[in-house]
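Please keep the sequence and the model in view while reading.

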Amino acid sequence: MQSPFDILDVAEDADDASIKKAYLQQVRAYPPERYPEQFQQIRAAFEAIASKRQRLVYQLFYNEPPHSEALMGHVLKHNNTQQRPTEAQFMQALAESLKA
Amino acid sequence: MSRKKKHAHHKVVATSPEHLEKKARQQLQSGAYKDAINNYKRLLKINQQPDYLDALGEAYWLAAESQAAKGLYKEAVNLWESRAHSCQQHSHLPRYITWLLAAGAYIKAIRIFNAPPVELNREEQTHLTAMIGAHLLAADQQNIVAMLDADSPLAKDYPIAKAALKAYCQGDENTLASSLKAIGSRSPYRDFRPVLNALLSLDAGPQEIEQRLSRLKPDSPYLALGRMLPLLQQEGALFIESYQKLGPAQQTFVATLQGWDKRQLRLLGDFRKIQLKGGDKALFDFIVANKRFFGEQESAYFCKALLPYLNKATGIFERHFGALSQAEKYRLEALSCEHRKDHYLAERSWRLYIDKLEMASPAEETDVDLKIALVLRHLNKDLPANDPGVLHNLETSLSLDPNDKASYLHLISAYKQSNYKKSYQSWVAAALQEYPEDIEILLEAVAAARTKNAHKKAAGFAKKILTIDPINAKAQNFLRSSHVAHARKQFKVGRLHLVHKELAAAEQWERNGQESGVLSINQALLALEENHKEQAKALLQTGISQSGGNLCAYLRLCTEALCVDVKPSALVSLMPEIKKISPNKTEVMLLVAVLQAYYEEGIGALLIDALAEISPILKKSLKQTLSETQWYNLAECFLTLEAYDLLEYCTRQALKQQDSKPLLVFYEISATLRGQQQHLTYNMHYRLVEAAEEAHDMNDLRTAARIEQIIKQHAGLPFADTGFDDDDNDFEEAENNVIEGIVNMIKSLSPSERKKILKDMPPEVKSLLMDAGVDIDF
């Protein structure tokens with residue numbers, strides 16, 4: 001499972017206001033009527049860390065191994081400049097998806 | 001039978017057509033298509049039945065489909081062709097052509113598409129044209145395009161689609177726009193348009209992409225490619241999970257769109273290897289080795305989160321990310337113990353963590369009080385709710401952080417159940433001070449005020465609830481019964497005009513259709529007192545009809561009469577038929593609810609007398625068959641009311657219908673003891689010890705604790721020394737284990753920690769250790 005901080009894409013020391021802002025941003029991107037699963041996950045994450053007390057509870061006692069994909073995803077998603085694939089790459093991807 | 005004969009017999013059975021047919025059918029149903037094909041072929045050699053031919057065709061088709069599902073398109077093609085050849089069956093031709101394309105047999109696919117052995121309908125033709133177009137785009141083989149009829153849309157639009165693809169890849173937006181415009185709505189390449197448009201709107205967000213892709217039909221050849229695009233909008237773990245499900249070419253496509261450099265790709269490759277290898281240590285080492293790339297802070301956070309799962313990695317962590325505070329080390333140790341389910345050591349580490357927090361300066365630790373309070377509450381999660389340690393932890397936690405409603409409610413409920421009136425009242429007051437507008441707390445305040453007979457105060461709280469929640473049923477009931485209670489007081493001193501007033505006030509809070517009959521019965525009592533016998537009779541009739549069954553009505557009649565010092569017979573004589581009732585199971589169980597409601601009103605003592613009045617009828621109705629839960633509900637109710645005669649009768653009846661269970665033994669012995677634990681006999685003690693053990697085995701910890709409480713309460717009486725061998729006494733052994741645990745824990749501490757813990761040790765623990773012969777100076 002991803003941590004609520006990862007789901008909302010906020011830092012561990014984020015305050016109430018920035019968590020709420022991040023939550024609303026995510027809800028706008030994943031409205032419940034179109035993305036019910038993602039929305040549920042976002043909502044649960046927000047409820048888990050919305051207040052300072054909840055964040056402390058999470059930080060003190062949460063006892064599950066961290067989600068390594070989250071770290072990788074975070075690193076791979078940031079600070080990149082989007083590029084366009086070459087024709088060959090495009091054609092190979094299309095060929096592979098035609099066989100899927 | 002000789003081995004040879006046996007073999008011969010087997011051969012006869014195996015080759016008989018009936019047996020072969022049965023076997024082939026079973027193989028077909030169980031997915032053993034190859035075997036089914038072979039057997040149907042053998043059957044056809046024996047007999048050219050059309051049924052066998054159809055079945056063979058079906059077996060070929062199912063085998064082809066199963067191969068295609070595994071991505072083995074050449075095998076699927078061969079099986080379809082064998083079916084066409086052997087059975088002359090050409091159905092599912094579009095699927096065959098699709099498999100040919102997927103297998104790279106473009107020329108054959110186009111040849112069959114141009115001259116199909118069976119006619120293709122328009123829909124099939126459109127779908128296949130689009131499919132061939134997509135394959136042509138993906139394969140880029142001009143010689144195949146040259147095979148097409150030059151006037152066909154497939155050939156005519158191919159250069160346009162190809163130009164759009166090239167323009168997109170080269171970032172030539174003008175050519176791309178004109179090419180996209182040139183792809184008509186009837187073109188076999190029309191579905192390529194929304195995919196390119198979605199790619200162009202990657203920065204516009206997932207909704208925009210979804211909207212563009214929504215134009216693709218479920219059977220579109222571009223659907224799988226299109227589905228990759230929304231994943232580019234995902235974050236973190238979701239993104240990596242989706243990415244790893246893609247094929248290699250699709251991953252390269254996504255990696256390029258993301259703009260990953262070689263280092264990122266190498267990192268991703270290494271990460272995949274770590275995932276395959278598994279293990280938290282490998283992941284820890286991977287993050288440490290790449291911390292420059294992941295970022296110092298992120299890596300430290302991640303590796304620290306892994307520490308509870310690793311042995312002796314703290315040193316490595318500190319070498320790479322700096323020293324951890326002693327408090328943090330204790331916290332991580334506590335989490336590690338919790339992970340290993342070593343609750344004893346976990347608690348020890350949490351306590352040491354608290355000690356360190358208390359000693360830390362504000363620069364070292366923030367929110368110290370709140371953290372300690374949270375740890376104390378956390379420590380309670382594995383302990384029984386009424387454990388004295390739990391209550392002590394909660395009380396301390398509230399002194400540090402008074403803002404926790406759940407802790408107040410826990411303390412209130414525990415002290416209420418244990419009948420510690422002073423603590424109960426003081427925690428209700430504390431909760432009320434912290435949460436003066438909270439309905440749950442106000443309801444507790446009403447209940448607490450009523451147990452003190454402070455009816456005016458209770459009414460004040462109930463009214464406050466109604467200002468916040470005007471339709472709160474509990475508050476309305478409280479107010480109604482509060483006025484009724486006041487009316488009873490006035491009745492007893494003869495102020496009948498005030499009784500009228502109070503009953504009228506109570507009526508205000510009576511909810512339509514949910515009357516309990518209490519008001520009508522009290523009005524009947526008042527009418528009787530004022531010598532209006534007929535009116536009293538009519539009111540009683542109403543009261544009985546509202547009481548939820550005759551048994552409840554009878555109880556209410558008796559209770560309400562006793563509450564105003566009137567003999568129940570005075571009321572019952574007006575309604576003599578109420579004594580002739582035979583209540584059913586539902587009425588008996590409803591009585592439990594009525595008794596509980598009266599008990600909560602604080603008139604428990606009078607209920608014993610009221611129950612004595614209805615006892616003959618009640619006992620008769622307890623001869624019915626009740627469920628285990630129903631017996632327990634009844635017994636618990638009688639035990640709470642201390643109605644021991646009925647409790648004894650109830651458990652006796654239950655034991656006639658049910659097997660003896662620990663809880664029933666508890667009720668049975670409680671009934672015999674009548675609250676006098678000193679009357680516990682050797683035999684009863686023995687049964688209780690056995691029942692406690694059984695309850696533990698059944699994981700019924702509540703019952704076990706209740707039984708053990710009786711045993712503890714009477715400990716020290718003469719038989720306790722004579723009845724049991726010391727080695728068999730689990731409780732003494734458990735106590736010894738606790739003492740030993742405390743001693744070991746103290747011995748493991750540093751001298752300064754030991755000094756501190758001994759200084760803070762409660763006197764009762766010190767005396768327990770000294771009683772056990774432990775030198776507390778160590």
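In this predicted model, B:Glu296 and B:Lys291 form a salt bridge whose closest N and O atoms are 3.7 Å apart. The two partners fall into separate classes of accessibility. B:Glu296 is partly exposed, at 45% relative accessibility, whereas B:Lys291 is buried, with a relative accessible area of 19%.

A further salt bridge within chain B links B:Glu648 with B:Arg674, with 3.2 Å between the closest N and O atoms. B:Glu648 belongs to helix H39 (residues 644–657) of chain B, and B:Arg674 to the loop between helix H40 (662–673) and helix H41 (682–697) of that chain, so the pair ties together parts that are 26 residues apart in sequence. B:Glu648 is partly exposed, its relative accessible area being 28%, and B:Arg674 also counts as partly exposed, at 35%.

Over all chains, the count of salt bridges comes to 31. One of these pairs brings together A:Lys52, in helix H4 of chain A, and B:Asp367, in the loop between helix H23 (343–359) and helix H24 (368–379) of chain B, so this pair joins two chains. The distance from N to O in this salt bridge is 2.7 Å. A:Lys52 is partly exposed, with a relative accessible area of 41%, and B:Asp367 is likewise partly exposed, at 29%. In general, side chains of opposite charge can pair when their charged atoms come close.

| Residue | Partner | Closest N to O distance |
|---|---|---|
| B:Glu296 | B:Lys291 | 3.7 Å |
| B:Glu648 | B:Arg674 | 3.2 Å |

The next topic is the interface of chain A and chain B. How many residues does each chain bring to the contact? Chain A contributes 54 residues and chain B contributes 84 residues. The size of an interface is often given as the accessible area lost when the parts come together. Here the area buried between chain A and chain B is about 6200 Å², and carbon and sulfur atoms give 63% of that area.

Across this interface there are 3 salt bridges, together with 15 residue pairs in polar contact, both residues of each pair being at pLDDT 80 or more. On the side of chain A that touches chain B, at least two residues come from each of helix H2 (16–29), helix H4 (52–61), helix H5 (68–77) and helix H6 (87–99) of chain A. H6(A) gives the largest share of that side, 12 residues. Sorted by class, the side of chain A that touches chain B comprises 23 nonpolar, 18 polar and 13 charged residues.

The cysteines remain to be considered. A disulfide is a covalent bond between the sulfur atoms of two cysteines. How many disulfides are found over all chains? The search of the whole structure finds 0. For B:Cys637, the closest cysteine sulfur is that of B:Cys650, and the separation of 9.4 Å is too far for a bond, because a disulfide requires sulfur atoms within 2.5 Å. B:Cys637 counts as buried, at 3% relative accessibility. B:Cys303 is buried as well, with a relative accessible area of 0%.

Technical notes
Residues numbered from 1 in each chain as written. Chains lettered and ligands numbered in written order. Predicted model: local features only at pLDDT ≥ 70, side-chain atom pairs only at ≥ 80, totals over all residues. Heavy atoms only, no water. Contact = heavy atoms within 4.5 Å. Buried area = accessible area lost by both parts, 1.4 Å probe. Salt bridge = Lys/Arg side-chain N within 4 Å of Asp/Glu carboxyl O. Polar contact = N/O pair within 3.5 Å; in protein donor to acceptor, adjacent residues only side chain to side chain. Helix = DSSP H or I, 4+ residues; strand = E, 2+ residues; numbered from the N terminus. Nonpolar A, V, L, I, M, F, W, Y, C, P; charged D, E, K, R; others polar. Buried < 20%, exposed > 50% of the residue type's maximum accessible area, 1.4 Å probe, protein only.
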